[in-house]
Amino acid sequence: MQKKTTDVLIIGAGLTGLTLAYYLKQLDVSVTLVEARDRIGGRIYTKQNTSQAPIELGATWLVNEHSELLKLLKALGLDVFDQHYGTTAIYEPSKSNPPQLVNLPQSNQSSYRIKNGTQTIITSLSEALESNQITTNCNITNINKQDDFILATSENHEFKCKHIVSTLPPYLFEKTIKVKPQLDSKTKEVMQNTHTWMHDSIKVGFTFKTPFWKGERTSGTIYSNVSALHEFYDHSDADNNLHALAGFMNKDFYNHTREERQEFALKQLEQYYGNQARTFLSYQELVWQDERFTTSTYDHFLMPQQNNGHSIFQTSFLNNTLFIAGTETSTYASGKMEGAVRSAQQVFKQLESLL
């Protein structure tokens, strides 16, 4: 059993956890992040392909209203670029109506992606920390409040702390971490009924040599109510040199194999683009329902965004030693990267007054 003492332990090295650690650099305190996966980033995951466009399999887009995220990107020296939608979209309303090309309504609101992939914000935040501050393959299973400290343990690690911040989705925290003494029944009830962003999403993408969807009478923006791919977009890089299409597959295709999902997607794209769809360079996918360090099977139906930003998450627990953070807890833009950053800011302010 490896033992370590730290002022602040952050559970989860996703955007909230890494941003909080980045802010805590302002204070003279020791900070440790633990991550159950063998990678950092949480629900940000960019699949990098050699000489091909990077594919976003997790968080992707931001808008002008995401002001705190934009400030953080600027501080880290990272750029954004416009998401290309075009002026038309391929729309498939029903099985009885063939796909049709429709005009997209003009919008004054731009949607952006992060240059070189969303993963760059994770890389930049981690590089701003000391290498020994992050421990991966460390799945915290128990939190035990003692008289003058709080203890977190995994199979091989024990952390003695002043404060613990969990950035896990609240539902996952309640399902997988035993807390002693137990949190009050109201808190547990809210956590058990908090929807987890991305929990049943399937993200897929294809890289291509040429962006044939940018030709006349076609589009790389796809909306379908009936086929495997229900939202698909141009995913070319910022310089428009590397090309891809990527987006969301209908969650009902969860029980199919990777090969079957790929073929369903290709047949749909072939219907729109002809044989060009078969010229793809690579196929990538991530079935978030299989990510056990993101989600756990719901015991009952939860509405999308249910209890996200609940007031109970704005407080602290176990006599100011335990905090529940993460994008689901944010009162603004919950479920978005902006919500993750704002959650980190809120907990930082609480810790600043205690440390």
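**Salt bridges across the model.** The count comes to 14 salt bridges, taking a salt bridge as a side-chain nitrogen of Lys or Arg within 4 Å of a carboxyl oxygen of Asp or Glu. This is a predicted model, where local features need pLDDT of at least 70 and side-chain atom pairs count only at pLDDT 80 or more, while totals for chains, interfaces and linings use all residues. Residues are numbered from 1 along each chain as its sequence is written, and side-chain values use heavy atoms, leaving out hydrogens and water. Among the bridged residues, E35, R37 and E291 are joined in a network.

K188 bridges to E174, with the closest N and O atoms 3.2 Å apart. That pair ties together distant parts of the chain, K188 sitting in helix 5 (residues 185-192) and E174 in helix 4 (residues 170-176), 14 residues apart; helices (H or I, at least four residues) and strands (E, at least two) are DSSP runs, numbered from the N terminus. E174 has 17% relative accessibility, so it counts as buried (buried is under 20% relative accessible area, exposed over 50%, partly exposed in between; 1.4 Å probe, protein chains only). K175 pairs with D299, closest N and O atoms 2.7 Å apart. Here K175 of helix 4 reaches D299 in the loop between strand 19 (282-287) and strand 20 (322-324), 124 residues apart. K175 is partly exposed at 37%, and D299 is exposed at 58%.

E338 and R342 form a salt bridge, their closest N and O atoms 2.7 Å apart. Both lie in helix 7, four residues apart, about one turn of the helix. E338 is buried, with a relative accessible area of 0%, while R342 is partly exposed at 26%.

**Close-up of helix 2 against helix 7.** Helix 2 (residues 67-75) packs on helix 7 at about 80 degrees, axes 8 Å apart (axes are lines fitted to C-alpha atoms, for helices over the stretch in contact, with angles from 0 to 180 degrees between N-to-C directions). The contact (heavy atoms within 4.5 Å) brings S67, E68, L69 and L72 of helix 2 up to M337, E338, V341, R342 and Q345 of helix 7.

**Close-up of helix 1 against helix 7.** Helix 1 (residues 15-24) meets helix 7 (residues 337-352) at about 40 degrees, axes 8 Å apart. Nine of the 10 residues of helix 1 are buried, so helix 1 is largely enclosed by the rest of the structure.
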